[in-house]
Amino acid sequence: MSEFVRLEIKDGIGTIRLDRPPMNALNKQVQEELRAAATDASADPEVRAVIVYGGEKVFAAGADIKEMADMSYVDMAARAADLSSALGVFARIPKPVVAAITGYALGGGCELALACDWRVVAEDAKLGQPEIKLGIIPG
């Protein structure tokens with residue numbers, strides 16, 4: 001059982017829910033729970049389509065900056081590759097995948113949404129790659 005990400009299946013729809021308040025920051029644990037949920041949704045014949053949802057106030061606000069504070073360049077490069085790999089699993093789900101975006105979808109959260117086949121976006125949602133202001137290339 002995952003702590004922050006769960007796959008709920010009802011009427012052929014697999015909903016992958018992120019639940020790591022307050023901002024659904026994508027730390028290593030969330031990254032691996034996302035990978036597992038996407039893999040499970042891909043493999044489950046009961047799931048005919050997938051919705052990725054972060055909650056009413058935030059979809060996912062990107063990488064967990066606190067987790068990265070003490071990382072070296074080498075650690076950061078490996079972390080970025082691991083996150084890209086986990087999000088790539090969403091791009092390879094062999095079923096329609098929809099990102100239901102409310103609130104913030106920033107950085108890695110925006111990349112998660114982009115890995116889905118379609119994005120449904122609330123009028124007040126905020127999407128972006130704020131890392132470019134720090135001279136960091138988005139994943």
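Guide: Start with serine 85. Leaving out residues up to four places away in sequence, serine 85 touches Arg35 and Arg92. This is a predicted model. Serine 85 lies in helix H3.

Visitor: What makes serine 85 count as partly exposed?

Guide: Its relative accessibility is 33%. Buried means under 20%, exposed means over 50%, and partly exposed is in between. Serine 85 therefore counts as partly exposed.

Visitor: How far apart are the C-alpha atoms of serine 85 and glutamate 32?

Guide: They are separated by 9.9 Å. Along the chain, the two residues are 53 residues apart.

Visitor: How do you know that the span of helix H3 agrees with its number of residues?

Guide: Helix H3 covers residues 73–91, which is 19 residues. The expected span is 1.5 Å times one less than the number of residues. For H3 that should be 27 Å, and the end C-alpha atoms are 27 Å apart, so the two agree.

Visitor: Which residues of H3 are buried?

Guide: They are Arg79, Leu83, Ala86, Leu87, Gly88, Val89 and Phe90. The buried residues of H3 pack against S2, H1, S3, helix H2 (65–68), S5 and helix H4 (108–115).

Visitor: Why is H4 called largely enclosed?

Guide: Of its 8 residues, 7 are buried, so H4 is largely enclosed by the rest of the structure. The buried ones are Gly108, Gly109, Cys110, Glu111, Leu112, Ala113 and Ala115.

Visitor: Now the sheet. What is the order of its strands?

Guide: The order is S1-S2-S3-S5-S7. The sheet is open, has 5 strands and shows mixed pairing.

Visitor: What makes S1 and S7 edge strands?

Guide: Strand S1 (5–10) and strand S7 (118–121) each pair on one side only. On average, neighbouring strands of this sheet are turned by 20 degrees against each other, direction ignored.

Visitor: What packs on the sheet?

Guide: Helix H1 (residues 28–43) does, touching S1, strand S2 (13–18) and S3. The direction of H1 makes about 20 degrees with that of S1.

Visitor: How do you know that S1 and S2 pair?

Guide: Two strands pair if there are at least two bridges between them. S1 and S2 have 6 bridges, in the antiparallel sense. Isoleucine 9 stands opposite glycine 14 in S2.

Visitor: In which sense do S2 and S3 pair, parallel or antiparallel?

Guide: S2 and S3 pair in the parallel sense, over 5 bridges. The bridge partner of arginine 17 in S3 is tyrosine 53.

Visitor: What about S3 and S5: over how many bridges do they pair?

Guide: Strand S3 (residues 49–53) and strand S5 (residues 97–101) pair over 4 bridges, in the parallel sense. Tyrosine 53 stands opposite alanine 100 in S5.

Visitor: Why is threonine 15 called buried?

Guide: The cut-off for buried is under 20%. Threonine 15 has a relative accessible area of 13%, so it is buried. Threonine 15 is found in strand S2. Leaving aside neighbours within four places in sequence, threonine 15 is in contact with Arg6, Leu7, Glu8, Ile51 and Tyr53.

Visitor: What makes aspartate 11 worth a stop?

Guide: Most residues other than glycine have a negative phi. Aspartate 11 has a positive phi of about 55 degrees, although it is not a glycine. Aspartate 11 belongs to the hairpin of S1 and S2, which has 2 residues between the strands.

Visitor: Is aspartate 11 buried or exposed?

Guide: Exposed means over 50%. Aspartate 11 has 65%, so it is exposed.

Visitor: And asparagine 24: buried or exposed?

Guide: Asparagine 24 has a relative accessible area of 4%, so it is buried. Asparagine 24 lies in the loop between S2 and H1. Its phi is positive, about 55 degrees, although asparagine 24 is not a glycine.

Visitor: Where is the cis peptide bond?

Guide: It joins proline 21 and proline 22, with omega about 5 degrees. Proline 22 lies in the loop between S2 and H1.

Visitor: How do you know that the charged end of arginine 20 sits over the ring of phenylalanine 4?

Guide: One cut-off is a distance within 6 Å of the ring centre. The charged end of arginine 20 is 5.6 Å from the centre of that ring.

Note on methods. Residues are numbered from 1 along each chain as its sequence is written. This is a predicted model: local features need pLDDT of at least 70, side-chain atom pairs count only at pLDDT 80 or more; totals for chains, interfaces and linings use all residues. Side-chain values use heavy atoms; hydrogens and water are left out. Axes are lines fitted to C-alpha atoms, for helices over the stretch in contact, and angles run from 0 to 180 degrees between N-to-C directions. Contact means heavy atoms within 4.5 Å. Buried means under 20% relative accessible area, exposed over 50%, partly exposed in between (1.4 Å probe, protein chains only). A charge sits over a ring if NZ of Lys or CZ of Arg is within 6 Å of the ring centre and within 35 degrees of the ring normal.
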